[in-house]
Amino acid sequence: MRIAVVGIGYVGLVSAACFADLGVEVFCVDINAERIARLREGEIPIYEPGLQELVRRGSERGRLHFHTQIAEVLDKVDIIFIAVGTPSDEDGSADLRHVLNVARSIGEALSKYCLIVTKSTVPVGTSKLVAQTVADALRTRGLSIDFDVASNPEFLKEGDAINDFMKPDRVVVGVDSERGKELMTRLYKPMLLNNFRVLFMDVASAEMTKYAANAMLATRISFMNEIARLCEAVGANVTSVRLGIGSDKRIGSKFLYPGCGYGGSCFPKDIRALIHTAKEHGQRLQVLESVEAVNEQQKQVLMQKFLQHYDGDIAGRRVAVWGLSFKPETDDIREAPALVLIKDLLTAGCGVSVYDPIAMPEVKKLFGEQIRYAQDIYDCALDCDAIFHVTEWKEFRMPSWDVLARTVRRPLLIDGRNVFDASPSKHGFTLLSIGQ
């Protein structure tokens with residue numbers, strides 16, 4: 001089977017490489033000529049564990065091809081996935097310009113039946129806009145060519161995306177025609193053979209499922225962050241509370257970890273887009289409005305603890321920031337809590353040293369030489385008045401506290417992910433956690 005994937009960013013490249021590994025021939029299309037040139041040379045533009053090897057294998061087996069023009073591949077494929085970005089617009093809505101530009105390009109080059117599938121996260125009704133855009137382009141050409149539009153939202157976690165694709169909880173497919181359903185069934189046959197759940201539904205429901213899923217997960221995070229604040233106020237321990245409620249089978253333990261706020265490319269923009277969609281239809285999602293507000297407040301919690309510890313006297317102090325990406329195992333810093341913290345620290349007149357195993361080059365594009373980029377966690381903590389633990393990379397979990405105690409100027413550790421137990425305290429550190 002042959003397919004095309006347009007938009008070779010995070011979702012597009014992971015999806016293309018995984019489909020190729022399942023035996024599908026995949027034509028990857030991106031207007032970024034430099035990115036395509038790098039991919040042809042075996043270089044990948046993002047960090048994701050295992051992806052480099054998957055792309056290399058797909059290319060060597062002749063299943064991955066890289067192009068810059070949709071017109072070069074349309075007549076070779078039965079399905080074309082749209083996987084371009086949908087960033088937040090100024091009003092919080094999803095910016096669909098890239099999606100609709102791809103749809104227009106498809107209409108301008110289409111010569112035979114094709115199933116057009118939105119893989120990008122898009123608001124309900126986008127597939128209708130895609131269909132209309134393609135039809136308008138065909139009409140301009142004086143042609144009438146059959147095509148269908150479907151929705152196949154992704155549920156990939158950065159840092160574990162390949163495993164999520166190959167062993168999914170479920171595959172959601174929104175399709176309104178039997179021809180389209182038959183093509184998607186053929187494509188996902190390996191999943192069906194392995195008894196993974198491929199859920200077919202109407203297109204609008206598939207589009208909504210993606211947003212609703214992310215909204216639920218974000219809600220759980222903000223809920224626990226509010227409970228953590230209350231725990232601090234009343235003298236309870238949020239870790240014990242989390243274990244207590246997570247043991248309830250109706251609730252479960254996932255996404256109940258308090259911290260310094262969520263970030264990334266999905267939750268923030270998807271929550272805003274869903275709130276905007278509701279407003280467009282005369283509805284108000286009050287729970288999600290609160291989820292977003294709580295998350296923005298939570299990104300200030302580490303700075304608040306720092307200020308409180310030093311009674312506001314923080315100008316001129318040196319601090320270390322461990323972890324910059326919004327989560328471990330990725331270099332993605334979009335809306336990462338660490339960025340908010342660094343900006344606030346610089347504004348307050350602090351000297352900032354940072355360390356992250358992967359994401360420092362991305363952060364350097366934003367802050368340049370305003371901050372110091374350390375070689376490791378010990379170099380980062382040198383002569384510091386506080387260590388901020390922001391992203392829970394595995395290599396941060398078991399440092400030598402003896403070495404750190406001799407390295408820092410003031411033994412203060414502010415743990416934004418509740419990773420550390422009593423070990424730092426046994427070595428003279430003041431440990432400030434979330435909800436404890």
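A right-handed β-α-β unit is made by strand 4, helix 4 (residues 97-109) and strand 5. Here helices (H or I, at least four residues) and strands (E, at least two) are DSSP runs, numbered from the N terminus. A crossover is right-handed if, with the strands pointing away from the viewer, the path from the first strand over the helix to the second runs clockwise. Strand 5, helix 5 (residues 126-140) and strand 6 likewise make a right-handed β-α-β unit.

This is a predicted model: local features need pLDDT of at least 70, side-chain atom pairs count only at pLDDT 80 or more, and totals for chains, interfaces and linings use all residues. Residues are numbered from 1 along each chain as its sequence is written, and side-chain values use heavy atoms, with hydrogens and water left out.

Strand 4 (residues 79-82) runs parallel to strand 5 and is joined to it by 4 bridges; two strands pair if DSSP finds at least two bridges between them. The bridge partner of I82 in strand 5 is T118. Strand 5 also pairs with strand 6 (residues 147-151), in the parallel sense and over 5 bridges. There, V117 has A150 of strand 6 as its bridge partner.

## The burial of strand 5

Strand 5 (residues 114-118) is largely enclosed by the rest of the structure, because 5 of its 5 residues are buried. Buried means under 20% relative accessible area, exposed over 50%, and partly exposed in between (1.4 Å probe, protein chains only). C114, I116 and T118 point one way from the strand, while L115 and V117 point the other way.

An open sheet of 6 strands has the order 11-10-9-12-13-14, with parallel pairing. Strand 11 (372-373) and strand 14 (430-432) stand at its edges with a single partner strand each, so one side of each is left without a neighbour in the sheet.

Within this order, strand 9 (residues 318-322) and strand 12 (residues 386-389) run parallel and are joined by 4 bridges. W322 has H389 of strand 12 as its bridge partner.

A nonpolar core is a set of buried Ala, Val, Leu, Ile, Met, Phe, Trp, Tyr and Cys residues joined through side-chain atoms within 4.5 Å. The largest one has 55 residues, and F306, V321, L345 and F388 have the most contacts inside it. Helix 14 (residues 337-347) gives the most to this core, with 5 residues. Apart from it lies another core, of 44 residues, among them I8, C18, L51 and F81.

Leaving aside neighbours within four places in sequence, F306 is in contact (heavy atoms within 4.5 Å) with residues including L345, F388 and I414. L302 lies in helix 13 (residues 301-309) and is buried, with a relative accessible area of 4%. With the neighbours within four places again left aside, its contacts are C260, L341, F388, V390, I414, G416 and I434. The C-alpha atoms of L302 and V149 are separated by 46 Å, the two residues being 153 apart along the chain.

## The chain as a whole

The protein chain has 18 helices and 14 strands, and buried residues make up 52% of its 436 residues. Its C-alpha atoms fill a box of roughly 75 × 50 × 40 Å, taken along the principal axes. Among contacts between residues at least 6 apart in sequence, 73% join residues at least 24 apart.
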